[in-house]
Amino acid sequence: MFPETWEWMARGNCRNKPTALFFPGKGYGAAARAICATCPVQSECLELALTEKPYPEGIWGGVDERERSAIRRERRAPRTMTA
């Protein structure tokens, strides 16, 4: 099935949905985003797509590939302290 650390996947709203919904190609992925919006494991899914294996395509945790790239860039940016 999948690694023990990914057991949360079995609780995802997407578990019984067609995979094609989450890989809309050049489309917006509105259906996938709606499914993700109420998912109890949305944050785990997004974190997997961001860190475990940077997935280049599809909607993961309600976020598309461009949005994930922006999140990764933001995480890499140096933080400055303000007084």
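Accessible areas here come from the Shrake-Rupley method with a 1.4 Å probe. On that basis the protein exposes about 6,000 Å², and carbon and sulfur atoms supply 57% of this area. The model is a predicted one. Of its 83 residues, 31% count as buried.

The secondary structure consists of three helices and zero strands, which gives the pattern α-α-α when read along the sequence. Among contacts between residues at least 6 apart in sequence, 44% join residues at least 24 apart.

Helix H2 spans residues 42-52. Its buried residues are Cys45, Leu46, Leu48, Ala49 and Leu50. These residues pack against helix H3, which covers 65-76. In general, an α-helix has 3.6 residues a turn, so residues three or four places apart point the same way.

A search of the whole structure finds three salt bridges. In one of them, Asp64 pairs with Arg33, and the closest N and O atoms are 3.0 Å apart. Asp64 is buried, with a relative accessible area of 12%. Arg33 likewise counts as buried, at 14% relative accessibility; the cut-off for this class is under 20% relative accessible area.

Arg33 also takes part in a salt bridge with Glu67, with the closest N and O atoms 3.1 Å apart. Here too the pair links distant parts of the chain, with Glu67 in helix H3 and Arg33 in helix H1, 34 residues apart. Glu67 has a relative accessibility of 32% and therefore counts as partly exposed.

Arg75 and Glu47 form a further salt bridge, in which the closest N and O atoms are 2.7 Å apart. The two residues are 28 residues apart and come from distant parts of the chain, Arg75 from helix H3 and Glu47 from helix H2. Both ends are partly exposed: Arg75 has a relative accessible area of 44%, and Glu47 has one of 32%. Salt bridges that share partners join Arg33, Asp64 and Glu67 into one network.

Arg68 is located in helix H3. Although buried, Arg68 has no salt bridge. The nearest side chain of opposite charge is that of Glu65, 4.2 Å away, whereas a salt bridge requires a side-chain nitrogen of Lys or Arg within 4 Å of a carboxyl oxygen of Asp or Glu. A polar atom of the Arg68 side chain does lie 3.4 Å from the backbone oxygen of Glu57.

With regard to aromatic residues, the structure holds one aromatic pair. The pair is formed by Phe23 and Trp60 and is edge-to-face, at 6.3 Å centre to centre and with 80 degrees between the planes. Phe23 lies in the segment before helix H1 (30-37) and Trp60 in the loop between H2 and H3, so the pair ties together parts that are 37 residues apart in sequence. The two partners fall into separate accessibility classes: Phe23 is partly exposed, with a relative accessible area of 38%, while Trp60 counts as buried at 15% relative accessibility.

The segment before H1 also contains Thr19. This residue counts as exposed, at 56% relative accessibility. Thr19 and Gly58 are 39 residues apart in sequence, and their C-alpha atoms are 9.6 Å apart in space.

Terms used: Residues are numbered from 1 along each chain as its sequence is written. This is a predicted model: local features need pLDDT of at least 70, side-chain atom pairs count only at pLDDT 80 or more; totals for chains, interfaces and linings use all residues. Side-chain values use heavy atoms; hydrogens and water are left out. Buried means under 20% relative accessible area, exposed over 50%, partly exposed in between (1.4 Å probe, protein chains only). Helices (H or I, at least four residues) and strands (E, at least two) are DSSP runs, numbered from the N terminus. Contact means heavy atoms within 4.5 Å. Lys and Arg count as positive and Asp and Glu as negative; His and the chain ends are not counted. A polar contact is a pair of N or O atoms within 3.5 Å; within protein, one must be able to donate a hydrogen and the other to accept it, and residues adjacent in sequence count only if both atoms are side-chain atoms. Rings of Phe, Tyr and Trp (its six-membered ring) pair if their centres lie within 6.5 Å; planes under 30 degrees apart count as stacked, over 60 as edge-to-face and the rest as tilted.
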